[in-house]
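Please open the structure in your viewer and keep the selection panel at hand.

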Amino acid sequence: MSRVTRRLFWLIPLVLVPVPLLLNPYQQYVVNTALLYVPVGIGFNLVVGNLGLLAFSNVAYFGLGAYTSGVLMAHLGLPWWLTVIPAGMVGGVAGSIASIPALRGVRLFYLAIMTLAFGELMRWTYIRWEVLTGGSMGMAVPTASLFGWSLDTDRRRFYAFLAIVVLIVATTDRLLRSRFGRAFLAIKDNEIAAAAMGIPTDRYIVLAFAWGGAVVGLGGAMFAISVGHLSPISFDLTELIRQFAIIMVGGLGSLTGGIIGAVIITAAPQVFTSFPGFDELVFGLLIVLVILFLPRGLASLLARAHPAFADRYYRD
Amino acid sequence: MRITQAIIAVVAMAGLATAARADSTQGITASTIMIGNMGPFSGPQSTFTPLNYGPEAYFRYINEQGGVNGHKFVTVFADDSCNEAKGIAAAKKLIYEDKVFMIMANPCSGVAMAIKPMLVQEGVPWIGASANPKISRPASPGIFHSTYTGIESGRAMASFAMGKPGTTKIALAMHSDDWAHGYCDNATDYIKSHNGEIVATTALEHGATDGTAQALQIKASGAQAVMACLYQPELIVLLRELQKYQVDVIVLGALGADFDQVIQAFPNHDYLKQRFFQPYQFKAKIGTGPLKKFHDIFVKYLTKDELPKVGEPTNFYYFGVPAAIVTVEAFRRAGPNPTRESWEKAMESLKDFDTGVLADSETFGPDKHVGVEKMYAVGLSAQGQETVYKAWGDALPDTE
Amino acid sequence: MMLSLLPQLLVSGISSGMLYALIALSMTVVYRATTVVNFGHGDMVAAGAYAVFVFGLGFGFPFLVAMALAIAVLFLAGFATQRFLMQPIVAGPHLSLAMMALAVGYTIRGALRLEWGTETLNPSRPYPQDIYMFGNVVITTDDVVICGFVLLLLAALFLLLQVTPLGKVIQATFQSQRGAALVGINVPMFHALMWGGGAALGAIGGVMLSMITPLTPDLGQWTLVQGFAAMTLGGFGSLGGAVAGGILLGITEKLLGFYANTVFIEITGYLVPILVLLLRPQGLFGRRAIVRV
């Protein structure tokens with residue numbers, strides 16, 4: 001893909017800028033939710049897609065990011081923009097911790113069960129650490145502000161979210177195109193061969209987990225102010241299934257896939273909200289069908305349509 | 001089939017959108033009033049959705065009578081799965097896209113707390129069945145509880161148990177969620193302020209299949225009564241364990257379980273007699289006396305999918321209904337051209353209004369947005385008959 | 001008072017543990033045969049319990065007939081899941097396999113919820129519930145039935161694997177899939193049969209569960225987590241280990257809950273796999289779970 005074509009991608013956020021003028025608050029909220037799930041999908045995809053490790057602790061980073069932001073705002077009175085970086089850092093640290101079993105050589109389903117357990121332990125912690133989190137009753141998140149500018153409407157939050165998401169997409173894109181991305185690919189293809197070639201696999205594994213966790217933590221900070229009320233039930237196994245759906249439907253190991261998945265998985269349930277009870281059934285069927293007939297997700301359709309969308313840094 | 005229903009609903013909504021608006025209040029036209037009916041239609045809390053179907057049945061019944069002052073009720077359902085993020089999306093859809101007059105049912109406290117600021121800001125009324133008393137206390141404009149919150153139910157649980165002479169040592173068995181705290185925290189407040197003592201606090205989580213450790217801890221604590229703030233499956237699990245270890249306590253369930261269904265889970269009722277009670281919301285036994293009318297309304301106006309697959313309409317159908325009854329009554333009082341202001345005024349004018357369902361009559365005021373207070377208790381008599389009690393040992397006569 | 005309850009806690013722990021063991025066993029069968037962990041297994045467990053309810057109350061079959069029919073239906077469901085949904089993607093990434101299983105389960109749960117989501121069902125036991133006292137230890141008929149059934153199944157499985165010619169085929173395929181294919185064993189068919197077997201065992205677990213707890217679409221979720229923990233504790237893929245792991249987990253849960261705090265019961269199933277995989281990755285009886293790079 002030529003450099004010029006890639007530059008064209010920068011037009012996409014510019015096109016999005018006037019969009020809020022066309023939307024009612026409900027549609028704007030759905031768009032915001034889709035936006036905040038973009039980093040969640042990207043971070044998750046980095047570890048399970050690009051690195052190929054079955055780490056199921058994504059909801060833990062998401063929740064920790066959200067609670068970090070919420071707690072700093074509610075207890076210390078910090079403005080939201082000051083809590084965004086700490087939320088990312090906490091997510092990153094949690095990611096590094098979750099990589100410990102992987103470094104010890106735990107792989108496949110063993111790693112899956114262990115990281116799943118880590119995520120659930122975090123949820124238990126939110127319930128029990130009542131002083132900080134409000135326990136199971138949840139906590140109200142104060143109105144956010146950005147450099148003194150109040151983020152009290154969905155439209156205002158949209159611009160803050162858009163800026164953060166563009167930054168995340170751009171940096172992650174750079175990361176995947178650098179030697180880091182090539183190292184991830186090498187580890188995914190054949191870890192032992194990668195180590196034999198002198199790639200410090202441990203270091204790259206920690207890096208992928210930490211970057212993934214940080215990015216997801218940022219998504220959590222956005223979630224905190226978008227919903228405005230945090231409670232442990234938002235970070236349960238159903239949430240994990242939703243985040244899985246994002247990367248499976250979007251496309252494993254694909255940056256574009258993470259973005260498409262976030263949009264589809266946020267928008268799809270809105271169609272069913274007026275059809276009581278169909279939510280789970282339709283959701284399950286959607287994932288089944290995508291895995292069967294589009295194993296590389298919707299992103300592969302785009303790649304087929306135009307080579308500019310193809311991923312250079314992922315192979316099955 | 002639900003699909004056909006959904007299609008009909010969509011067509012009806014499209015028709016409404018083209019109808020001329022009678023006045024400025026959102027969701028009210030010359031001939032219709034739009035109601036947003038929100039609840040956990042999917043997810044593990046979906047056992048609460050009879051709270052959504054109860055009021056819906058009543059609106060269909062009223063519509064068949066010709067509606068209120070020429071207005072018929074049109075319901076839009078929305079699924080929140082008891083999840084805040086999803087609940088906010090569902091509420092925003094109802095408010096900004098379906099443009100409903102009010103939001104109803106909404107059994108999930110977390111969701112209700114999350115959407116409350118938006119409701120107040122947008123001036124969309126809410127009458128819900130969620131247990132968290134903070135939603136309607138202190139009174140916010142348009143936010144009403146026509147049924148009992150955790151405060152009334154928690155107090156009723158504690159006061160009934162402590163009404164048994166000599167009962168002061170009490171144990172808690174609860175889920176770790178906002179719903180259970182709504183009941184158990186308020187029961188605890190009552191117990192402590194009446195010289196009672198909490199001798200054990202045990203957690204029994206949603207989905208647990210065993211309560212051995214909890215039952216034995218309760219036994220070891222020497223408790224005389226247990227406040228069981230548990231959903232139905234876990235309440236049954238705990239009762240079975242208490243029975244197994246012959247723990248001599250009285251057990252007060254919360255409103256998350258259906259008394260009849262709990263009793264049915266026990267082929268032999270001996271252990272439950274004069275031992276297992278629940279706070280009781282209604283003025284008579286379910287489906288009997290004044291409640292028979294509502295039984296017939298449910299069976300006539302709800303579809304097969306909305307009714308239980310097995311057995312008669314349960315407690316939650318009746319418990320959902322008062323929200324619709326007071327809404328209809330307030331519209332009746334607000335006259336032929338209701339607005340949000342006149343409806344709210346009419347709501348606050350309700351004094352000693354008998355819903356025909358609840359044990360207490362509804363009284364609202366500008367500072368009082370929870371309509372009912374007095375509750376009964378239901379349990380099995382020494383003879384094994386389902387009996388409604390005003391207080392310990394004070395049975396309400398049967399109305400049949 | 002506190003210590004005198006220890007025997008009771010142990011007995012109850014074994015009883016719960018037997019259920020966990022049954023679920024762990026049914027997942028181990030699938031894992032040993034296909035090296036895939038069925039993350040949707042909990043929903044097959046629930047589906048089994050609902051199937052018995054439908055055949056029993058809906059169609060009026062006697063309990064044992066209803067149970068046999070339910071086991072057959074779940075066997076077919078497991079078989080079909082592997083044949084038509086897992087087999088086509090078996091060459092794909094592991095994550096797709098895990099997600100497919102999860103999504104199938106989620107679909108099943110959604111279907112159950114659509115039909116029975118608004119109510120809690122109370123299937124009646126086909127036997128009278130009695131209480132037996134041994135000193136100060138209480139045992140119910142439920143305990144006896146569950147333990148007896150699981151032990152019976154274990155014995156049957158053991159005989160099947162060790163004595164029958166079919167067992168030799170299964171063992172051979174457990175050992176080496178390629179080798180089995182070379183000597184003419186239809187490995188994809190074998191996989192599908194094992195999925196069916198796993199689902200059928202899960203259905204039995206579901207029926208046992210619905211004896212002690214009311215029936216909801218989420219019936220299998222709690223036990224699924226305990227099943228994972230039991231599998232990890234016993235060493236992934238070891239049939240005997242799964243049973244031992246389940247029993248140990250059941251006992252741990254009771255002791256931790258009673259002597260420490262009941263809030264720990266919920267997380268026993270999460271703490272155990274983390275500790276086991278960090279301290280002794282091969283579990284109690286299994287092979288090493290870690291890869292050295």
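**The whole of chain B**

Begin by selecting chain B, whose secondary structure consists of 12 helices and 13 strands. Its radius of gyration is 21 Å, close to the 21 Å that the globule rule gives for 400 residues, so chain B is as compact as a globular protein of that length. Please bear in mind throughout that this is a predicted model. Of its 400 residues, 61% count as buried. Among the contacts in chain B with a separation of 6 or more, 69% are between residues 24 or more positions apart.

**A covered strand**

Next, select strand E1 (residues 32–39) of chain B. Are its residues mostly covered or uncovered? The strand is mostly covered, since eight of its eight residues are buried. In a regular strand, side chains alternate between the two faces of the sheet. On one side of E1(B) are B:Thr32, B:Met34, B:Gly36 and B:Met38, and on the other are B:Ile33, B:Ile35, B:Asn37 and B:Gly39; all of these are buried.

E1(B) and E2(B) run parallel and are joined by eight bridges. To see one position of this pairing, select B:Met38, which stands opposite B:Ala78 in E2(B). Follow the chain from E1(B) to E2(B): the path passes through helix H2 (residues 50–64) of chain B, and this β-α-β crossover is right-handed.

Then select strand E3 (residues 102–105) of chain B, which also runs parallel to E1(B) and is joined to E1(B) by four bridges. Here B:Ile35 has B:Met102 as its bridge partner in E3(B).

**An open sheet of eight strands**

Move on to the open sheet of eight strands in chain B, which has the order E7-E6-E8-E9-E10-E11-E12-E13 and mixed pairing. Which strands form its edges? They are strand E7 (197–203) and strand E13 (394–395) of chain B, each of which pairs on one side only. Select B:Tyr389 to find its bridge partner in E13(B), B:Ala395.

Helix H7 (residues 212–221) of chain B lies across strand E6 (169–174), E7 and strand E8 (225–229) of chain B, and runs at about 165° to E7(B).

**The nonpolar core**

The largest nonpolar core has 339 residues, and those with the most contacts inside it are B:Val226, B:Met227, B:Ala228, C:Ala21 and C:Leu74. Helix H11 (residues 201–227) of chain A supplies the largest share of this core, 17 residues. Select B:Ala228 and look around it: leaving aside residues up to four places away in sequence, B:Ala228 touches B:Ala173, B:Leu235, B:Leu238, B:Val251, B:Leu252, B:Gly253 and B:Ala254.

**Where chain C meets chain A**

Finally, display chains A and C together. Here 40 residues of chain C are in contact with 41 residues of chain A. On the side of chain C that touches chain A, helix H4 (94–116), helix H9 (219–234) and helix H11 (265–279) of chain C each supply at least two residues. Which helix gives the largest share of that side? The helix to select is H4(C), with 16 residues.

How values were computed
Residues numbered from 1 in each chain as written. Chains lettered and ligands numbered in written order. Predicted model: local features only at pLDDT ≥ 70, side-chain atom pairs only at ≥ 80, totals over all residues. Buried ≥ 20, exposed ≤ 12 C-beta atoms within 10 Å, placed from the backbone. Pairing = 2+ DSSP bridges. Right-handed = clockwise from strand over helix to strand, strands pointing away. Core = buried A, V, L, I, M, F, W, Y, C linked by C-beta atoms within 7 Å. Contact = placed C-beta atoms within 7 Å. Rg over C-alpha atoms; globule rule 2.2 N^0.38 Å. Axes fitted to C-alpha atoms, helices over the stretch in contact; angles between N-to-C directions.
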